[in-house]
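Please read it alongside the structure.

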Amino acid sequence: MNKFTTVKDVANLKELVNEALHLKQNPYQYKTLGKNKTLGLLFLNPSLRTRMSTQKAAASLGMHVMVMNLDKEGWALEMQDGAVMNGSTVEHIKEAAAVMGQYCDIIGIRSFPKLQNREEDYSEDLLQKFISYCKVPVVSLESATRHPLQSLADLLTITENAPTGKRPKVVLTWAPHVKAIPQCVANSFAEWMGQADVDLVITHPEGYELADEFTQHAQVTTNQQEALAGADFVYVKNWSSYTDYGKVLTDGAGWMLTNEHLAATNNAKVMHCLPVRRNVELSDEILDGPNALVLAQANNRTYAAQAVLKRMLEGLEK
Ligand code: SN0
């Protein structure tokens with residue numbers, strides 16, 4: 001594997017899931033695989049789970065890790081080809097990525113969308129340029145449109161908690177928020193569930209339709225109550241509008257999941273990628289209740305990252 005940016009970069013999803021679940025039981029089985037190999041983790045946005053779980057995963061594989069908060073500690077990066085750099089940007093991504101590629105055997109990078117210009121965000125300009133200039137395998141730590149390590153961890157969590165002998169019904173429900181949030185987690189979750197053995201239903205208020213490329217395998221409805229009927233898993237997430245790009249269109253009154261909403265489900269397990277705004281996106285009673293899987297998801301971030309890094313390290317040896 002020489003890049004991990006979307007489910008499309010995974011040749012065999014079942015094998016990757018099994019590998020991650022195996023690593024969860026045997027985290028130190030490959031503790032020398034990454035000996036003398038360096039992982040660079042580059043952040044242009046905040047991170048808690050992604051940073052700590054990926055660092056832990058790399059350590060369990062024997063890798064050396066360097067973390068760089070590029071937004072705060074690096075030079076301001078120029079992205080534009082042919083730019084006359086007489087303004088605020090200090091170095092071009094051509095040099096910055098190439099230099100970091102010389103220091104690292106694998107690089108992870110996080111860069112959220114700016115939510116100003118849809119074409120720009122959805123072109124994944126920074127991620128693609130970074131991949132082409134750094135010349136080493138790249139793991140997305142959440143890009144402008146996707147969060148694949150989160151989705152792999154979510155799939156592990158669903159696999160571990162699925163009811164036996166039944167194809168699980170998984171509902172992705174929009175939730176309220178106080179500010180404009182990327183579509184990444186929702187896009188990715190839909191994209192990955194589309195390749196898994198689940199029935200996916202997506203529900204959101206009008207105006208929050210996600211891009212077709214992510215939702216083509218899902219049933220989509222604006223009726224949350226109807227969507228929740230018989231659900232085995234409910235994935236809660238806010239996102240800003242894709243059609244009216246980056247806008248918050250409603251306060252979403254009534255959309256925050258409470259125990260009352262769960263009554264129509266099949267005693268559904270409730271998921272969220274975290275960080276979660278309590279009593280805005282998701283109620284205390286659910287987060288503190290027996291059906292919440294949020295900590296299990298966060299725990300699985302480590303094994304998702306470890307499986308991906310292991311594949312990349314194996315690729316380096318060839
Ligand atoms: C990010 C998102 O894409 O939803 C990262 C999730 C892993 N979440 C936020 O930016 C939340 C910010 C907030 O103020 O709640």
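Ile 109 counts as buried, at 3% relative accessibility. Buried means under 20% relative accessible area, exposed over 50% and partly exposed in between, with a 1.4 Å probe and protein chains only. Ile 109 sits in strand 6. Leaving aside neighbours within four places in sequence, Ile 109 is in contact with Leu 42, Leu 44, Leu 126, Leu 127, Phe 130, Val 138, Val 139, Ser 140, Leu 141 and Glu 142. Contact means heavy atoms within 4.5 Å. Ala 227 is 118 residues from Ile 109 in sequence and 35 Å away in space, C-alpha to C-alpha.

The model is predicted: local features need pLDDT of at least 70, side-chain atom pairs count only at pLDDT 80 or more, and totals for chains, interfaces and linings use all residues. Residues are numbered from 1 along each chain as its sequence is written, and side-chain values use heavy atoms, with hydrogens and water left out. Helices (H or I, at least four residues) and strands (E, at least two) are DSSP runs, numbered from the N terminus.

**Buried helix faces**

In helix 6, the buried residues are Leu 126, Leu 127, Lys 129, Phe 130, Ile 131 and Cys 134. Their cover includes strand 1, strand 2, helix 4, strand 6 and strand 7. Lys 135 follows helix 6, with a positive phi near 65 degrees.

Helix 4 buries Ile 93, Ala 96, Ala 97, Met 100 and Gly 101. These residues lie on the same side of helix 4 because they cover an arc of only 130 degrees around the axis. The arc is that of the directions from the helix axis to the C-beta atoms. Gln 102 and Tyr 103 are exposed on the other side of helix 4. The buried residues of helix 4 pack against strand 2, helix 3, strand 4, strand 5, strand 6 and helix 6.

**Helix pairs**

Axes are lines fitted to C-alpha atoms, for helices over the stretch in contact, and angles run from 0 to 180 degrees between N-to-C directions.

| Pair | Angle | Axis separation |
|---|---|---|
| Helix 7 and helix 8 | about 50 degrees | 9 Å |
| Helix 1 and helix 7 | about 75 degrees | 10 Å |

Helix 1 is therefore roughly perpendicular to helix 7. Angles of 65 to 115 degrees count as roughly perpendicular, under 35 as roughly parallel, over 145 as roughly antiparallel and the rest as oblique. Leu 13, Leu 16, Val 17, Ala 20, Leu 21 and Lys 24 of helix 1 meet Leu 152, Leu 155, Leu 156, Thr 159 and Glu 160 of helix 7.

Helix 7 packs on helix 8 at about 50 degrees. That makes helix 7 oblique to helix 8. From helix 7, the contact uses Pro 148, Ser 151, Leu 152, Asp 154, Leu 155 and Ile 158; from helix 8, Ser 188, Phe 189, Trp 192 and Met 193.

**Backbone exceptions**

Most residues other than glycine have a negative phi, and most peptide bonds are trans. Asn 36 has a positive phi of about 65 degrees. Asn 36 lies in the loop between helix 1 and strand 2 and is exposed, at 67% relative accessible area. Asn 267 also has a positive phi, near 50 degrees. Asn 267 is in the loop between helix 11 and strand 12, exposed at 59%.

The peptide bond from Leu 274 to Pro 275 is cis, with omega near 5 degrees. Pro 275 lies in the loop between strand 12 and helix 12.
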